[in-house]
Amino acid sequence: MSQIPPLRPEYEIALQPLTDLPLERELSLAQRLWQQGWLRKSLILAALALLWEVLARLQGNDLLLPSFLQVARALAEGLASGELLEKVAISLSVLVQGYLIGILLAFVLTSLAVSSQLGRDLLSTLTAMFNPLPAIALLPVALLWFGLGEGSLIFVLVHSVLWSLALNTYAGFLGVPETQRMVGRNYGLRGLRFVALILVPAALPSILSGLKIGWAFAWRTLVAAELVFGASSGKGGLGWYIFQNRNELYTDKVFAGLVVVILIGLLVESLVFALLERVTVKRWGMQR
């Protein structure tokens with residue numbers, strides 16, 4: 001006969017409330033400041049500027065490497081005179097046109113790819129052909145087709161945006177769970193409504209990544225294209241500003257133009273894309 005194990009008596013221990021301990025840990029002023037992302041990034045930029053100034057003074061040749069203070073002075077003069085602002089406006093106007101056209105074409109291609117087998121074959125074939133092709137390599141062809149003007153720039157910008165954005169968007173569409181697709185079909189969504197209301201919100205992290213990659217490619221391509229063939233229709237952007245001052249040996253202005261290129265990239269990344277992520281994917285819990 002098996003023995004019945006002894007039963008242990010149950011008991012409950014009442015814990016005293018910890019009323020004398022603080023509910024949150026007090027952070028020092030230095031710790032609170034260090035948690036600010038803008039401050040950490042500002043310290044990194046200040047350290048880089050200090051290193052630049054030291055290297056320039058050790059080099060001792062303003063033609064090869066102007067100091068940070070000289071470049072800051074040239075930048076301030078260019079902004080005060082309005083010359084740099086005019087160049088920025090010219091470059092950004094062309095960039096926005098090419099960027100928006102590239103986004104529209106990428107959306108059309110990916111919509112076809114998720115709708116039919118022929119669309120998938122078309123997207124995979126075109127991306128395999130043209131995605132490895134550098135946009136700047138198409139500039140001679142663009143000059144033959146569109147002449148020396150904004151049309152050539154917009155053509156190479158569309159090429160630089162289209163394929164990376166289409167690939168990221170399509171990869172995001174493929175990653176949409178089947179349950180969400182079934183919800184859309186149960187509601188009777190088909191075609192563009194299905195893409196816009198189900199696939200795009202679910203694939204938004206991948207789409208935003210593609211938009212950021214396309215923006216970076218487009219910005220680099222635009223500056224490089226302006227450096228290659230200079231001004232278009234008598235007006236030049238930031239690339240032409242850098243090229244012209246390099247020919248005249250104004251190295252401080254060359255670096256000032258490069259700094260403006262970097263600052264625009266930082267502003268777009270920190271303001272535009274960060275705001276989009278904060279009000280969409282981070283707010284919806286799709287991204288940490």
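Helix α11 (residues 238–247) packs against α12 at an angle of about 160°, and their axes lie 8 Å apart. The two helices are therefore roughly antiparallel to each other (angles over 145 degrees). α11 passes α12 in a left-handed crossing, the near helix being turned anticlockwise from the far one by less than a right angle.

This is a predicted model, in which local features need pLDDT of at least 70, side-chain atom pairs count only at pLDDT 80 or more, and totals for chains, interfaces and linings use all residues. Residues are numbered from 1 along each chain as its sequence is written, and side-chain values use heavy atoms, with hydrogens and water left out.

Axes are lines fitted to C-alpha atoms, for helices over the stretch in contact, and angles run from 0 to 180 degrees between N-to-C directions. A second pair is α4 (residues 83–115) and α5 (residues 117–130).

| Helix pair | Angle | Axes |
|---|---|---|
| α11 and α12 | about 160° | 8 Å apart |
| α4 and α5 | roughly 135° | within 6 Å |

Contact means heavy atoms within 4.5 Å. Leu109, Thr110, Leu112, Ala113 and Val114 of α4 meet residues of α5 including Leu122 and Leu126. In the other pair, residues of α11, among them Tyr241 and Ile242, meet residues of α12, among them Val261 and Ile264.

The patch, about 570 Å² of surface, is made by Ile44, Leu45, Leu48, Ile262, Leu263 and Leu266. Leucine 48 has its place in α2.

Note on methods
Patches are made of residues with over 30% relative accessible area and no salt bridge: like charges are joined within 9 Å, nonpolar side chains (Val, Leu, Ile, Met, Phe, Trp, Tyr) within 5 Å. Accessible areas come from the Shrake-Rupley method with a 1.4 Å probe; for residues, only the protein chains shown count as cover. A salt bridge is a side-chain nitrogen of Lys or Arg within 4 Å of a carboxyl oxygen of Asp or Glu. Helices (H or I, at least four residues) and strands (E, at least two) are DSSP runs, numbered from the N terminus. Angles under 35 degrees count as roughly parallel, over 145 as roughly antiparallel, 65 to 115 as roughly perpendicular and the rest as oblique.
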